[in-house]
Every structure is written in C-alpha cells, then in structure tokens.
Amino acid sequence: MTEQKVRWGILATGGMSATFAADLVDMPDAEVVAVASRSPEPAKAFAERFGIPRAYGDWESLASDEEIDVVYVATPHSAHRAAAGLMLEAGRNVLCEKPFTLNVREAGELVALARDGGRFLMEAMWMYCHPMVRRLKELVDGGAIGEVRSLQADFGLAGPFPASHRLRDPALGGGALLDLGVYPVSFTQLLLGEPSDVVARATLSEEGVDLQTGALLSWENGALASVHCSLVGGTATSASITGSRGRIDIPYGFFFPDRFVLHRDGRDAEEFTADPADGPRNSLKHEAAEVMRALRAGEAESPLVPLDGTLAVMRTLDAIRERVGVRYPGEAEAVTPA
C-alpha cells in the first residue's frame, strides 16, 4: 500500500460518518468503497449521497469485504467494542471513533485483538492530529513555558437534552463525560501523561448518567489539571496551560483551535494562527491522512495517537466515573476500582 488509493469502509451512517465521508471524498489518495448499517435502507441512502459503490445492511458483509483497506467505525460508543472487534477479527484495519469504548476493559480487548492479529488500530482522536494542537505540543515539549504546573480545559453544551436523547441514555453510554469530557481529559494527558490521582464530582440525571462533571487530576511532580464537561451549560471550550516560565491560552475551541497565545515571562505575547492551507479548523482530513500514512508505512499504530495513550485516557475516564457513581448496564465489574 504505497501509491494506490487507500480504500475505506464506513460503519454507521450518522452525523460523524457523514462528516468523515465528505472529507474523504475530497482527498485524492482516499476512496470510500463501502458503507454498512444495521439495515439496508440507511446504508443505501448514505451510499447514494456520497457516491459509494457498495452498501451493506449488516456489519458482517462489511467485515468480510476483502477490497477494504481500513474501516471507520462511528457507531454509538456503546457498540464500539462489538463493531471494531468484528472488523479486527475479520482482518480489517480500524479507525474507531472516540470515546474508544465504554471502559478500559473493552479498550484493552480491542488493543489485544489488533496487536495479536497484526492489524492497524487507532482511536479517532482527531485533536491529536490537528496541526495547531501539534504545534502547541511541540512548544510545550520544547520548554517554551518551562515545566507544566497546571492546566485547565472545559467542554460544555447548553442543552437541555430530553430524557429520550442518546446523551442521557445509560444503554448508549450517555452522559457528559464520555461524549465531551474525553476531550479535556485527552488534551490534558497529551501534555502531562496519565495522572497519579483523580478527584471528581458530578451532577447526575434521573437515569444515572452525568449531566456535568468536574475533576481534579494530579501528578507526582506536583502538576494539577482541572477539567470540566457539561450537558447543562455552554462553556467557553477554552484551555490554558501554565508553566514555570509562561502560559499558553486557547480562548475558544481548544481541541480544534484556529489560534492560541503564548505568554513567555519577560517577552511580549505571541499569537499563533492556523495556516489557511490546512483547511477548515474542524476538518477530519488530518486524522484520515495520519491513518493512511501509517498504513502505507506498514505501521500497526500511530505515533500521534498511540494505543497505550488511548488506554491511559480510558483508565482516567473509568476512575472519574467510579468516583461519581456512573456505571453502565452490564459493567458491574468493568470500571477501575477507586
């Protein structure tokens, strides 16, 4: 797989799949050759919309399609373990939407399937592939603000979401943390690694999912991070990283920034802005390009979104849920003990 187009299959036909398919269609080295859903009608409609040659009304047909190089899994995250697992067991490479799974046990099972079978697997944490986030990480890793001492990040939606909405359905892994909180937690761990301790509080719905959650993460070197997510209030979606010699502020949209400001002690503030050539700030092309680069290079994992990092994020999400009392159906023993 060096010169020819990378052939994609898409599993599920919701909003994320549509956004991803639209970006793939515009990439000259990518080709969407098949789409699957649980029934034929939505798959056929999706295929017609994006000019995809094959539409399947079941997952198994997509898994057995030998003309697919990689499958993008965008089912509800409660089905990620089953969907991505089926693809991996059939020998397909997989890009799986975030949150990767419901819990770290399921995530570990997928990672084991991929590694044992020699298949490529990556979480679709597009933030890690975003050019501006990569630039920010380079600055932090290079010591631009000294040693990171604290970090703040938030992501909240105004709502309100009715009880019938998937975000409030325990059977679908509902709640603010897995849908939204995965972003500030992942951003934090991109820069600081896995925390050594977690303290968390949440407001729970009648259904038992978190409507908003706040967590304080700490590291053995003394660093602290405050992360917040909400389904009951629209937050600034901002982030700030403070170091021993400066600070970086992302005023809006920290996981897909078009600018950020670097404050270094004793210097004027420096604003970094996105390169127009990188395309829209919300483009998923960068993560697709990373998958295709890795496949062509014969890599089983992406260095930008490593599987060990995904597992570490899932451990933190499990720890937060354990502390606030959110468990999903069938996982009585699945969450990491407090």
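Colleague: What makes up the lining of the largest pocket by class: how many nonpolar, polar and charged residues?

Modeller: The lining has 15 nonpolar, 9 polar and 4 charged residues. Ala, Val, Leu, Ile, Met, Phe, Trp, Tyr, Cys and Pro count as nonpolar, Asp, Glu, Lys and Arg as charged, and the others, Gly among them, as polar. This is a predicted model: local features need pLDDT of at least 70, side-chain atom pairs count only at pLDDT 80 or more, and totals for chains, interfaces and linings use all residues. Numbering starts from 1 along each chain as its sequence is written, and side-chain values use heavy atoms, without hydrogens or water.

Colleague: What makes a space a pocket, and what makes it a cavity?

Modeller: Take a 1 Å grid over the protein atoms alone. A cavity is a set of points where a 1.4 Å probe fits but cannot get out. A pocket is an open set with protein on both sides within 12 Å along at least five of seven lines. Lining residues have an atom within 4 Å of a point.

Colleague: What volume does the largest pocket have, and which residues lie nearest its centre?

Modeller: The volume is about 700 Å³. That is the space filled by probe spheres set on the points, with grid points joined across faces, edges and corners. Of the 28 lining residues, Met-16, Lys-98, Arg-166, Asp-179 and Tyr-183 lie nearest the centre. Helix α1 gives the most to this lining, with 4 residues. Helices (H or I, at least four residues) and strands (E, at least two) are DSSP runs, numbered from the N terminus.

Colleague: Which helix gives the most to the lining of the second largest pocket?

Modeller: α7 does, with 5 residues. The pocket holds about 240 Å³ of space. Its lining counts 14 residues, and Tyr-128, Lys-137, Leu-190, Leu-304 and Pro-306 lie nearest its centre. By class that lining splits into 8 nonpolar, 2 polar and 4 charged.

Colleague: How many cavities of 30 Å³ or more does the structure hold?

Modeller: There is 1. About 30 Å³ of space lies in the largest cavity. Its lining includes Leu-177, Pro-184, Val-227, Cys-229 and Ile-320. α8, β9 (210-218) and β10 (224-230) each supply at least two residues of that lining. The count is 6 nonpolar, 4 polar and no charged.

Colleague: Cys-229 turns up in that lining. Is Cys-229 buried or exposed, and how do you know?

Modeller: Its relative accessible area is 2%. Buried means under 20%, exposed over 50%, partly exposed in between (1.4 Å probe, protein chains only). So Cys-229 is buried.

Colleague: How many disulfides does a search of the whole structure find?

Modeller: It finds 0. A disulfide is a pair of cysteine sulfur atoms within 2.5 Å. For Cys-129 the nearest cysteine sulfur, that of Cys-96, is 14 Å away, so Cys-129 is in no disulfide. For Cys-229 the nearest is again that of Cys-96, at 20 Å, so the conclusion holds there too. Cys-129 counts as buried at 3% relative accessibility.

Colleague: Why is the contact of Arg-321 and Glu-331 called a salt bridge?

Modeller: A salt bridge is a side-chain nitrogen of Lys or Arg within 4 Å of a carboxyl oxygen of Asp or Glu. Here N to O is 2.5 Å, so the pair qualifies. Arg-321 lies in helix α10 and Glu-331 in the segment after α10, so the pair ties together parts that are 10 residues apart in sequence. Both ends are buried: Arg-321 is at 1% and Glu-331 at 3%.

Colleague: Which parts does the pair of Glu-194 and Arg-315 tie together?

Modeller: The two side chains meet at 2.8 Å, N to O. Glu-194 lies in the loop between α8 (176-192) and β8 (197-204), and Arg-315 in helix α10 (residues 307-324), so parts 121 residues apart in sequence are tied together. Glu-194 is partly exposed at 36%. Arg-315 is partly exposed at 34%.

Colleague: How many salt bridges does the whole structure hold?

Modeller: The search finds 25. Among them is Glu-322 with Arg-327, at 2.9 Å. Arg-54, Asp-65 and Glu-67 are linked in a network of salt bridges.

Colleague: Which residues of helix α1 are buried?

Modeller: Ser-17, Ala-18, Phe-20, Ala-21, Asp-23 and Leu-24 are. Their cover includes β1 (6-11), β2 (30-36), α2 (40-50) and α9 (285-296).

Conventions: Contact means heavy atoms within 4.5 Å.
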